[in-house]
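Open the model in a viewer and keep the selection panel at hand.

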Amino acid sequence: MLKELRIDGAHREDQGSGPPKWVLGAAAGLVVLVLAGGAAWWFVAGNKAIAVQTATVRANGQGPAADAVLQATGYVTARRMATVSAQMTGTLTEVLIDEGFKVKKGQVLARLDDSGLRAGLAAAEAQIRTAEANLGQLRAQLAQAQADERRQAELAASGMTTRQSREQASTAVKTVSAQMEAAQRQIEAAQAQARQARVNFDYATVRAPFDGVVTARAAQVGEIISPLSAGGGFTRTGVGTIVDMDSLEVNVDVNEAYIAQVKADMPCEAVLDAYPDWKIPAHVVAVIPSADRGKATVKVRVALEKKDDRVVPDMGVRVSFLATKPKSEAKPVPGVLVPPDAVVQRDGASAVFVVHDGRAEQRAVQLGADIGKFKLATGGVKAGETVIVSPPAELKQGSNIVSKD
């Protein structure tokens, strides 16, 4: 019976021929890790932010009749701008201006403590009155001396007085006349001192030098102001800044390689960055005969032909130099200005990538005629939106982006 239960060697399983079970477990774990790492790499690589350059789309303010031969950027500047100060050192007792106030020439802007100056003016005027009183006394003496001289002359004619008495009477007239001349000079000196005191007294009142708008208030009541900086910088040198808004113009920097195209009285159109839909007629005032060696540019002065309260100093502006003066009835072509490098071909159509919530959004655009160095987009993108300039080939719908600026 025991022999029947015995298993032959040919039918036995080989117990030591396969790898250990822990090796199989380790290999399976390694495969799982490789697969997980690959999935993570694919997720990170697929969502990695792409660095791009961006630009803001602006509304078109260019009319169809304008023929721009050159464009340049610059800033609005004021030809007449002054930081108003007193001509003497003193303590402010009253400040009558604030930012945004419109002032007229000669209008009082501030007052300084004038108690000492007022006393000096009163003393000078008192000196005038004293000198005038002395002159009046001398006039009376002169009248008496002249009467005495006439009597002595009559007596001398009848031989009833001496020659000496007549000479003394004549000398008295000359003496009083000389004293009156000196008194008159004293009055003039006193009047000059009074005028000086009055000028100094007027220095305590700060007035507007021209019509304009207050753009800055620099001092407060109780502060000491002086035309010269003193006290280690703690003394104010001005009360405020006034700008003549009628003197506003545009200064632009033109590349010296194109400055030969710019001439005096050349028609221009200016578009403010703050109001991209507003086209302002202008013309070239002068080309400044000096170049900036660092930027290789030449400054050009451009006058605005229309004044408006919306134009303020230091605003950014884009100037188009025109070959011919545009017609007044020309209206801007509807659409927005897009940098040409922002337009790409996708699926056989023109498209741009718009930045939206940190991702790229592909949009098809309809293009019109080129305006200057920009492309006119009549549809697909709106003014104020941000587009990607020179989008890389790997950029697609929904890609994460980060601006290089």
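Is Arg 79 buried or exposed? Select Arg 79: its relative accessible area is 52%, so Arg 79 is exposed (over 50%; buried is under 20%, partly exposed in between, with a 1.4 Å probe and protein chains only).

The model is predicted, so local features need pLDDT of at least 70 and side-chain atom pairs count only at pLDDT 80 or more, while totals for chains, interfaces and linings use all residues. Residues are numbered from 1 along each chain as its sequence is written, and side-chain values use heavy atoms, with hydrogens and water left out.

Stay with Arg 79, in the loop between strand 3 and strand 4 (81-84); strands (E, at least two residues) and helices (H or I, at least four) are DSSP runs numbered from the N terminus. Show Ser 247, Glu 249 and Arg 301, which Arg 79 touches when residues up to four places away in sequence are not counted (contact: heavy atoms within 4.5 Å).

Next, select Val 252, Val 254, Val 300, Val 302, Val 319 and Phe 321, which touch the most other members of the 28-residue largest nonpolar core. Such a core is a set of buried Ala, Val, Leu, Ile, Met, Phe, Trp, Tyr and Cys residues joined through side-chain atoms within 4.5 Å. Elements giving it two or more residues include strand 12 (248-255), strand 15 (297-304) and strand 16 (316-322). A second, separate core has 19 residues, among them Ala 86, Leu 109, Val 206 and Ala 208.

Move to helix 2 (residues 115-158). Its 44 residues should span 64 Å at 1.5 Å a residue, and its end C-alpha atoms lie 66 Å apart, which agrees; the expected span is 1.5 Å times one less than the number of residues. Its buried residues include Leu 121, Ile 128, Leu 135 and Leu 142, and helix 3 (163-203) is part of what covers the buried residues. Gly 159 follows helix 2 and has a positive phi, near 75°.

Last, select Lys 102, Val 213, Met 245, Asp 246 and Asp 309, which lie nearest the centre of the largest pocket among its 17 lining residues. A pocket is an open set of points on a 1 Å grid over the protein atoms alone where a 1.4 Å probe fits, with protein on both sides within 12 Å along at least five of seven lines; lining residues have an atom within 4 Å of a point. By class, the lining has nine charged, seven nonpolar and one polar residue.

Methods:
Nonpolar A, V, L, I, M, F, W, Y, C, P; charged D, E, K, R; others polar.
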